[in-house]
Amino acid sequence: MSARLRVCAEPFAPDNCSALPQFHLRSPQDGRCRPTYCGPRAPQAPASGKTQLALPCSSPGGIDIVTSKRKIDPLSCLQRIGYMAAFSALAAFAVPVAAQQTDSASILIYDASGSMWGQIDGGITKVEVARDVIGDFFVSRDNAVPLGVIAYGHNRRGDCSDIETIASVGMNNPSDLSARLNRLNPRGMTPITDSLTLAASMIPPTAESADIILVTDGLETCDADPCALAAQLAQEGIAIRAHVVGFGLTSQEAEAMSCVADATGGLLLTPQTGQELADALDQIAAVQPASDAKPAQEAFFDMGPNAEAGHTYEISYHGTARPDSYAGFTPRGGDMPSVSPSFGVVGGAGAAGNNPFSKTAPSEPGEYDLIMVAYDGSIIARQPIEVVAPSNGFDAIGSVEPDKRFQFSWRGPNQVGQRIVIARPGAAPNDYESDWGQPYSNRQTQRMGLRPPPSPASMSSATSRATSRRSCSSVNSA
């Protein structure tokens, strides 16, 4: 049974969450006003139900909020929220109670950046087409599902904080929504990540599912990572789907935005005309509401469940990453480890990181995770990997002629600094014959030739690195 509480409308900024409001709640036991938590949405009622939280601490009115099973704002303290979270928290108090009690909601994000003045086939600007199509969408969609609208880039040039709530989530009049959008004049940046953050903060507390519809004609132009945020949205306590409607996007641009839809189970659509834009919005409107049960997601990394200790792997991944993102192995459930051959920057030229990237599995077998970490330290993806003991060694060689070169194959991690040598059984690691070789790549199985000593003897071929001998095979020179 849900509990009711009265939420104070007075936000303040605590030290550990300087960018977010913290709600004050008054206790009827002692009449004192106490802070509760950081976050752009209202808190849940106490589990005990003994404390009935009353009027706002410093304002004459309050808003009844019905609590739900949803987790308390996992997006709190995101570095990118800035002042917008405080604005959205206060804006939430204006949402009608009926809208907050719905099972689902939709938020449309409208691109009003300067690039929307670009023309499509026929010489018509994208903003003119979008105004007409989205206006029709407001009329034709199921208005029983509450809708909120956000726009960005329409007030100031070069300002990544130029994001505005055009309409709070609720039963809004379609004609009024169209009129508000038609008054927007595209001129600024494309802050997609912060707009998605604001949209997530507007979802009513009782909603069991929500759809965010991003209509954009370009990629993120501010210093933010929409892929990292999408991964965090996927961990919310309710089912949030972020649909990307890339109006006029190229295939390369669409691929860069695919991570947002893939991580949240949304649709990625790339309309190039007004009719295709209308069809795309209708397709999203026809999608059944998402359920709390998350569908099985495709593995982020293109790698099996096991890796051999000490072996180097070329690891592909889905979506895109920045060159300054980090990736590699960390102990199961661990955070970002120190830089090592097993963990480091993805690297790459331009805006996209290397795909695939190369990393060496840890030398000690055990349970690990393969992780991708964004530039701000947030973990984009985590995939369990078991590091197993390597199956290194030489194929059987047998007897060879003295002082005559012979061919053999071996399997090993083949790292820089290793040598393939011929040595007498029991010899010290650095005591080997004059003819030796090095792996010519980090490919696991390789073949090469060595020359045994001129005098007949029992020898061993060995993989040597530093002062440790890794594996041996008997060689009889007779």
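This is a predicted model: local features need pLDDT of at least 70, side-chain atom pairs count only at pLDDT 80 or more; totals for chains, interfaces and linings use all residues.
Helix α5 covers residues 192-201 and helix α6 residues 226-233; they pack at an angle of about 20 degrees, with their axes 9 Å apart. Axes here are lines fitted to C-alpha atoms over the stretch in contact, with angles running from 0 to 180 degrees between N-to-C directions. I then looked up who makes the contact (heavy atoms within 4.5 Å): I192, T193, L196, T197 and A200 of α5, and P226, L229 and L233 of α6.

Numbering runs from 1 along each chain as its sequence is written, and side-chain values use heavy atoms, without hydrogens and water.

Helices are DSSP runs (H or I) of at least four residues, strands (E) of at least two, numbered from the N terminus.

Next I checked α3. Residues 126-140 make up this 15-residue helix, which reaches 21 Å from first C-alpha to last, close to the 21 Å expected at 1.5 Å a residue (1.5 Å times one less than the number of residues). Its buried residues (under 20% relative accessible area, 1.4 Å probe, protein chains only) include V129, V133, I134 and F137. Among the elements covering them I found β5 (104-111), β6 (147-152) and α8 (274-285).

Last, the sheet: I traced three strands in the order β11-β13-β16, open and antiparallel. Strands pair if DSSP finds at least two bridges; β13 (residues 312-317) and β16 have four. I found E314 opposite S358 in β16.

Notes
Buried means under 20% relative accessible area, exposed over 50%, partly exposed in between (1.4 Å probe, protein chains only).
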